[in-house]
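Please have a look at the structure on the screen, and then we can go through it together.

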Amino acid sequence: MTPVRVGVVGVGLMGGSLGMALRRFGGAAEVVGVVRTPDEAARAVEAGAIDRGSPSPEILAGCEVVVLATPVEAILPVLERCLPFIPPSAAVTDVGSVKTEICRGAWARLGRQGPAFVGGHPMTGSERTGVDQADPYLFQHAVYVLCPPPAGTPGGPEATARVRSLVASVGAEPVVLEPEEHDGLVAAVSHLPHVAAAALVLSLEGTSSPWVDRLAAGGFRDTTRIASGDPALWRQILLANREAILQQAGAFRSALDRLVQALAHADGEELGRLLEEAVQRRRQVTRNARGLLAPHPELIVRVPDEVGAIHQVTGVLAGAGVNLADIEILRVREGEGGSVRIALESESERDRAREVLERAGYWARVR
Ligand SMILES: NC(=O)c1ccc[n+]([C@@H]2O[C@H](COP(=O)([O-])OP(=O)(O)OC[C@H]3O[C@@H](n4cnc5c(N)ncnc54)[C@H](O)[C@@H]3O)[C@@H](O)[C@H]2O)c1
Ligand SMILES: O=C(O)C(=O)C[C@]1(C(=O)O)C=C[C@@H](O)C=C1
């Protein structure tokens, strides 16, 4: 069931990535975009995100699936504006990070007439925004939440099946949740982490030493990357999921209190126990997670500081027929070289990669 034409409203990071992936992997024969200016349309076409674009929603005529990919607060108003041009037989979906307000609003608005609305939220993304950052591979292996319309909605099952197949065509894994359950879960694993990352950065305010910026290294970078996310986008997400985030903030506060209490009482035993509990829980999360935390077996390989060093590592692996699932430069020290993380498809491939690399004289360790 290949949709003939897909309309994307808001061609930024997510809409642009979806358009690119649909065009590249055959999920759509044509992708049209509703953008804000003719200039934006030209940029999106040039980036390969859409075939054609226009500021007018009239371009949505004939679409079988319409994806609303604007910031959260614009999704329902944009639906209202586009509705006269969306065929009643089309499936409408969105990519908003919060689902209750959007799904309940869209279902109430559409009622029993017109296109059926299937809420959507891909659990993948970036702290960057805009079509220039779009990536056709963004959805691969990502969990993609779908919120189908209530039972009895005319065209609901067909619309859900169409959106499901669109999601699968870009390499994501569709999972079905109720909007309220979704919002509670993302409050814990996405929205509160954003608040916590911002709070960590803000906690530097009282530190006036100029050395603080110089000493911030991998630990600070890894725990605060998402705090660089677009404030306008995140303000909307956090406000739209306020209640669930506030509830989760209570759990965070009490976890922080337990750690702080253990520290205040110099209670090493309790501190160690809490840290160990965190190690175990995080291991469990990363084992089950998809997308950015893909559970691929990994190796760390040291590379010398010379031109073509990474090319040589990949050349050694390619020569032995080892397929890489992922590669990342972890750190590089001028004159000393650095290390790269490589991910393999299976544990046996990882062991074979290590053997091949060690035989070629590399230091390689299982991560
Ligand atoms: N960034 C992420 O990691 C991520 C991940 C999953 C879901 N989301 C959700 O995806 C949506 C888009 O986020 P993004 O990161 O792609 O942001 P973005 O800023 O890159 O893209 C948003 C796009 O919407 C356009 N837009 C805004 N108002 C519009 C309107 N009224 N009509 C037409 N276009 C309009 C903007 O011009 C922009 O191109 C948000 O709802 C966000 O919650 C984001
Ligand atoms: O990896 C990132 O940078 C993201 O911000 C992605 C992320 C997340 O993982 O929390 C953030 C918000 C989205 O709604 C979905 C996914």
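Let me begin with a question for you: is Arg109 buried, partly exposed or exposed? Before I answer, please keep in mind that what you see is a predicted model. With a relative accessible area of 40%, Arg109 is partly exposed, because that class takes in whatever falls between under 20%, which is buried, and over 50%, which is exposed.

Now to the partner of this residue. Arg109 forms a salt bridge with Glu80, and the closest N and O atoms of the two are 2.8 Å apart. This pair links distant parts of the chain, since Glu80 sits in helix 3 (residues 72–82) while Arg109 sits in helix 4 (residues 100–110), 29 residues apart. Glu80 is itself partly exposed, at 40% relative accessibility.

The structure holds 23 salt bridges, and I would like to show you a few others. The side chains of Arg5 and Glu30 meet in one of them, at 2.9 Å from N to O; as Arg5 belongs to strand 1 and Glu30 to strand 2 (residues 30–34), the pair ties together parts that are 25 residues apart in sequence. Arg5 has a relative accessible area of 22%, so this residue counts as partly exposed.

A further salt bridge joins Arg225 to Glu127, with the closest N and O atoms 2.6 Å apart. Here both partners lie in loops, Arg225 between helix 8 (218–224) and helix 9, and Glu127 between strand 6 and strand 7, so parts of the chain that are 98 residues apart in sequence are tied together. There is also a network, in which salt bridges that share partners join Glu298, Asp326, Glu328, Arg341 and Arg367.

Let us turn to the aromatic rings. How many aromatic pairs does the structure hold? There are 2 of them. In the pair of Phe25 and Tyr137, the ring centres are 5.7 Å apart and the planes stand at 55 degrees, so we call the pair tilted. Phe25 is in helix 1 (residues 13–25) and Tyr137 in the loop between strand 6 (116–122) and strand 7 (143–147), 112 residues apart. Phe25 is partly exposed at 31% relative accessible area, and Tyr137 is partly exposed at 44%. Phe139 and Tyr144 make a tilted pair as well, with 6.3 Å from centre to centre and 35 degrees between the planes, but Phe139 and Tyr144 are both buried.

In soluble globular proteins, nonpolar side chains tend to be buried together. This core has 35 residues, and among those that touch the most other members are Phe139, Tyr144, Val6 and Leu18. Several elements give two or more residues to the core, including strand 1 (5–9), helix 2 (38–47) and helix 5 (156–169), while the largest share, 6 residues, comes from helix 1.

Finally, which residues form a nonpolar patch on the surface? They are Phe252, Leu256 and Val260, which together have about 250 Å² of accessible area. Phe252 lies in helix 10 (residues 242–264), and at 40% relative accessibility Phe252 counts as partly exposed.

Definitions and conventions. Residues numbered from 1 in each chain as written. Chains lettered and ligands numbered in written order. Predicted model: local features only at pLDDT ≥ 70, side-chain atom pairs only at ≥ 80, totals over all residues. Heavy atoms only, no water. Patch = residues over 30% accessible without salt bridge, like charges linked within 9 Å, V, L, I, M, F, W, Y side chains within 5 Å. Areas by Shrake-Rupley, 256 points an atom, 1.4 Å probe, with all protein chains shown as cover. Salt bridge = Lys/Arg side-chain N within 4 Å of Asp/Glu carboxyl O. Helix = DSSP H or I, 4+ residues; strand = E, 2+ residues; numbered from the N terminus. Buried < 20%, exposed > 50% of the residue type's maximum accessible area, 1.4 Å probe, protein only. Phe/Tyr/Trp six-rings, centres within 6.5 Å; stacked < 30°, edge-to-face > 60°. Core = buried A, V, L, I, M, F, W, Y, C linked by side-chain atoms within 4.5 Å.
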